[in-house]
Amino acid sequence: MGHEDGVSTTTIDKAFEALYASDDASLDTAASLLAADRGADAELARRGEEFVRTLWGRGWQPADLLRTARRDLADEHVRVLAALIRTETAGYERLPHRWQAQLDELDAPDSGPLRPTGRPDRFSYATTVLELYRILVRLPRLDAVGPVPGETLPPAAAGEPRMLTRIRALLAKAEATGYPEEAEALTAKAQELMARHSLDEATLAAGAPSPETPGAIRIGVEPPYEQAKAILLDAVATANHCRAVWNEAYGFSTVVGFEADLDPVELLYTSLLVQGTAAMTRAEAEQRAGGRKRTKSFRQSFLLAYANRLGARLATTSRRVAAEAPTLLPALASRDLAVTNRTDELFPETRSTRVRAAWDEEGWNHGATAADRAGLHPNRRPLP
């Protein structure tokens, strides 16, 4: 047995030289080595789990890895990665907050590296595994946005906060209804709950200052039209006492804020994006019915206008709710400053970026109208 393990390890080490080469010929040779040595299968899987574990320590989370694989590789690579993540995380007694939701998004279980089910041959599957590993070993370090599996974790919360459950239910109804006025009222109520919850948190902080410091989460900003989506997320975050920093290269924004505000920001952003996309689809259908062909520039302009107008309205709503409790303004300002300082610590070299989009006037006008209809104040009529 010792001899066989030694041969398999040598096979792995030799094959892994291809992970750091730039030519496909090296990858083909490595895949041939692995396909010919069935005794290397277990070690190959173990090394993959080790790569994943190393990336947890480098700031990556399951959703980040899956997002990168889906963007740069194919479905078969994603299935192998999902299997590695599932196996690696199964060994921990507890996982960090929000990780279970990310694991629930994994694809159906796969058989693991070099244990193909329904695949044409071992060589093709070995190639898939090596292509995935080549991506994993080259990923850079990210700024950590939470604890790593295996670290000491804070006490687990007993279920989802009641406020968050109410917001989730309201936004789900807003997305499902076919009536714009009903969606407007439901979304408005959700934003009101978020704003008042922030005031409640500020009240607690003003009465008895908490040792809590701002945290962070990553939210995927997927193509197409990711710049407009990043602008929308920034607007939602800013209006709810958070800050968003977009990482265009890896397809996500990091939202920095106090823990109670982070999940509501993600919920509202996701819902507004769903509602905006549905409104864009309806607008395109109307344009086609009128004999006008819609283009990529129409969709870009629509979403940019939608994000821009919603940003202004969210900011107005946030100021109005805060003005209802003027004695809390110092506490809110202190929390905002803490979030800004934490953002600067995490991202000392952020820069602004110019909007890159073709202009379509009709798309912009339709997007602005859709943002107005989204409605964030229950007692205010949509703008004409």
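How many bridges join β1 to β3? I found six bridges between β1 and β3, and the two strands run antiparallel. Strands count as paired if DSSP finds at least two bridges between them.

**Ground rules.** I am reading a predicted model, in which local features need pLDDT of at least 70 and side-chain atom pairs count only at pLDDT 80 or more, while totals for chains, interfaces and linings use all residues. Residues are numbered from 1 along each chain as its sequence is written, and side-chain values use heavy atoms, with hydrogens and water left out.

**Overview.** I noted 14 helices and three strands in the protein chain. Helices (H or I, at least four residues) and strands (E, at least two) are DSSP runs, numbered from the N terminus. Of the 384 residues in the protein chain, 48% are buried; here buried means under 20% relative accessible area, exposed over 50%, and partly exposed in between, with a 1.4 Å probe and protein chains only. I also looked at contacts (heavy atoms within 4.5 Å). Among those with a separation of 6 or more, 78% are between residues 24 or more positions apart.

**The sheet.** I traced an open sheet of three strands in the order β1-β3-β2, with antiparallel pairing. β1 and β2 are the edge strands, each pairing on one side only. Neighbouring strands are turned by 25° against each other on average, direction ignored.

**Strand β3 itself.** Is β3 (residues 252–257) mostly covered or mostly open? I found it mostly covered, with six of its six residues buried. F252, T254 and V256 point one way, while S253, V255 and G257 point the other way.

**The cores.** I looked next for nonpolar cores, meaning sets of buried Ala, Val, Leu, Ile, Met, Phe, Trp, Tyr and Cys residues joined through side-chain atoms within 4.5 Å. The largest has 46 residues, and I167, L232, V236, V255, Y269 and F302 have the most contacts inside it. The elements giving two or more residues to it are α8 (162–176), α9 (180–207), β1 (215–220), α10 (226–239), α11 (259–289), α12 (296–323) and α14 (361–374). The largest share, 10 residues, comes from α11. I then found a second, separate core of 41 residues, which includes W60, V78, L130 and F252.

**Helix α10.** I saw that α10 lies across β1, β2 and β3, running at about 160° to β2. Axes are lines fitted to C-alpha atoms, for helices over the stretch in contact, and angles run from 0 to 180 degrees between N-to-C directions. The axes of α10 and α12 come within 9 Å and cross at roughly 5°. That makes α10 roughly parallel to α12, as angles under 35 degrees count as roughly parallel, over 145 as roughly antiparallel, 65 to 115 as roughly perpendicular and the rest as oblique. On the α10 side I listed A228, I231, L232, A235, V236 and A239; they meet L303, L304, Y306, A307, L310, G311, L314, A315 and S318 in α12.

**Helices α2 and α7.** At what angle do the axes of α2 (residues 24–36) and α7 (residues 122–136) cross? I noted roughly 125°, with the axes coming within 8 Å. The two helices are therefore oblique to each other. Residues making the contact include L27, A31 and L34 of α2 and F123, T127 and L130 of α7.

I placed T187 in helix α9. T187 counts as buried because its relative accessibility is 0%. Its C-alpha atom is separated by 9.0 Å from that of E175, 12 residues apart along the chain.
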